[in-house]
Amino acid sequence: MIGDMVRESRVTINGRTARYLEAGSGWPVVLIHAFPLNADMWRPQLERVPEGWRFIAPDMRGFGPDAAPEPGAITLDDMARDVVALLDELAIDTAVMGGLSMGGYVTLGLFRLAPERFSGVILADTRAQADTPEGLEGRRKMIALARAEGAAGVAESMLPKLLGSTSLDRRRDLPKRVRAIIQAASTGAIVAAIEAMMARPDSSTDLPRISCPTLVVVGEEDLLTPVADAVALQNQTTRSRLVILPEAGHLSNLEVPDGFALAVADFLTSNL
C-alpha cells in the first residue's frame, strides 16, 4: 500500500454542493460513510490506498461541511441516487461500491437502483434486514434525543455502542475524534437520516443477485451489527469472503485502520 495525499473536492448535484474526498489513482472504489458521521471517517483508508486504485468518499445528503442544516425528508434511495449522480459527474461507469453501517444500507439500495455500476461490493459492519420493532423503537428514542439535546447528546449516547470495548479501554484519542465528527452534523440531518433508515426495505432477497466479488467485514466486538449479521450476509452472497477484525467494534475502519486496510487491499488485488 502507498501513502497518498487526501484531496477534497466539490461538485454540484441537482443544485446542491456535494463534497467528496479522494486519494490514489486507478480503478475507483466508492466508500459510503456511517451514521451520523461523514466522509472524514474514511481518512485512514484514504491514507492507505493500494497502488492502482482510487478511493472516493462522498458526504451523504445532510452530512459534511457543505450540508444544509435542514435537508428535508430523504430516503436511502435518495442517497443512492446522489452516488450515481456523483459517478456521472466524475465520468465513472463502474466501481467497487462499499459502505459501513448506514453506508452499507445505501450500498444495497444502490445495487437495487443500478447493479450495472458495480464491479465489486464491500459491506462493513452492516446488515441486510430491515429494523425490528425493537430497533424502530430505539430509533424513535434517538430522534427524541436529537431534538432535545442535538448532535452532542446523540454522540454521548452512541459512542459506547459505536466503539468496541478495546477501543474504549485503550484508544483514548478515538472517542474524541468520533465525537467531533458526529457533533459536526446538524439535528435536522440526524433526524432525517434516522427516518430514512427506519423506512428502508429488507435487502435480504437482493443478496443472492450480487454476482460480483463481495467483501464482508465486521469488528469482532461490534454490538450494533454483530458477527452473526456479517455471517448471514456472507452466507447469502455468492463470490464473497468474510473478514472478522479482532479488537474492533462497529466503526472497525477507524478502530483498526491497518487491519481494515489490509482486508480491503487483499480483496481488491486478489479478486478484481
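In this predicted model, R200 lies over the face of Y105, 3.9 Å from the centre of the ring. Y105 belongs to helix α3 and is one of its buried residues.

Helix α3 covers residues 102–113 and has 12 residues. From its first C-alpha to its last it reaches 16 Å, close to the 16 Å expected at 1.5 Å a residue. Of the 12 residues, 10 are buried, so α3 is largely enclosed by the rest of the structure. The buried residues are M102, G103, G104, Y105, V106, T107, L108, G109, L110 and F111. Several elements contribute to their cover. Among the helices, the cover includes α2 (76–89), α4 (133–162) and α7 (187–198). Among the strands, the cover includes β3 (27–32), β5 (95–100) and β6 (118–124).

Helix α2, part of that cover, has 14 residues. At 1.5 Å a residue these should span 20 Å, and the end C-alpha atoms are 20 Å apart, which agrees. Its buried residues are L76, D78, M79, A80, D82, V83, V84, L86 and L87. After α2 comes A91, with a positive phi near 55°.

Aromatic contacts were examined next. A search of the whole structure finds three aromatic pairs. In one of them, W42 and F260, the ring centres are 6.0 Å apart and the planes stand at 55°, so the pair is tilted. The cut-off for edge-to-face is over 60 degrees. W42 lies in the loop between β3 and α1, whereas F260 lies in helix α10 (residues 257–271). The pair therefore ties together parts that are 218 residues apart in sequence. Both W42 and F260 are buried. In the pair of F111 and F118, the ring centres are 5.5 Å apart and the planes stand at 85°, so this pair is edge-to-face. F111 is buried, as is F118.

Strand β7 covers residues 214–219. Six of its six residues are buried, so β7 is largely enclosed by the rest of the structure. In a regular strand the side chains alternate between the two faces of the sheet. In β7 both faces are covered. T214, V216 and V218 are buried on one side, and L215, V217 and G219 are buried on the other.

Two strands that pair with β7 were traced. β6 and β7 pair in the parallel sense, over four bridges. In that pairing, T214 of β7 is the bridge partner of V121. Strand β8 (residues 240–245) also runs parallel to β7, joined to it by six bridges. Here G219 stands opposite L245 of β8. From β7 the chain crosses through helix α8 (residues 227–236) to β8. This β-α-β crossover is right-handed.

Backbone geometry was then considered. Most residues other than glycine have a negative phi, and most peptide bonds are trans. A cis peptide bond joins F35 and P36, with omega about -5°. P36 has its place in the loop between β3 and α1. W42 lies in the loop between β3 and α1 as well.

A91 has a phi of about 55° although it is not a glycine. A91 is found in the loop between α2 and β5. With a relative accessible area of 66%, A91 is exposed. D125 has a positive phi of about 45° and is likewise not a glycine. D125 sits in the loop between β6 and α4. With a relative accessible area of 1%, D125 is buried.

A further loop residue is R171. R171 lies in the loop between α5 (165–170) and α6 (174–183). R171 is buried because its relative accessible area, 18%, falls under the 20% cut-off. Leaving aside residues up to four places away in sequence, R171 touches T166, E247, E255 and V256.

Notes: Residues are numbered from 1 along each chain as its sequence is written. This is a predicted model: local features need pLDDT of at least 70, side-chain atom pairs count only at pLDDT 80 or more; totals for chains, interfaces and linings use all residues. Side-chain values use heavy atoms; hydrogens and water are left out. Buried means under 20% relative accessible area, exposed over 50%, partly exposed in between (1.4 Å probe, protein chains only). Contact means heavy atoms within 4.5 Å. The expected span of a helix is 1.5 Å times one less than its number of residues. Two strands pair if DSSP finds at least two bridges between them. A crossover is right-handed if, with the strands pointing away from the viewer, the path from the first strand over the helix to the second runs clockwise. Rings of Phe, Tyr and Trp (its six-membered ring) pair if their centres lie within 6.5 Å; planes under 30 degrees apart count as stacked, over 60 as edge-to-face and the rest as tilted. A charge sits over a ring if NZ of Lys or CZ of Arg is within 6 Å of the ring centre and within 35 degrees of the ring normal.
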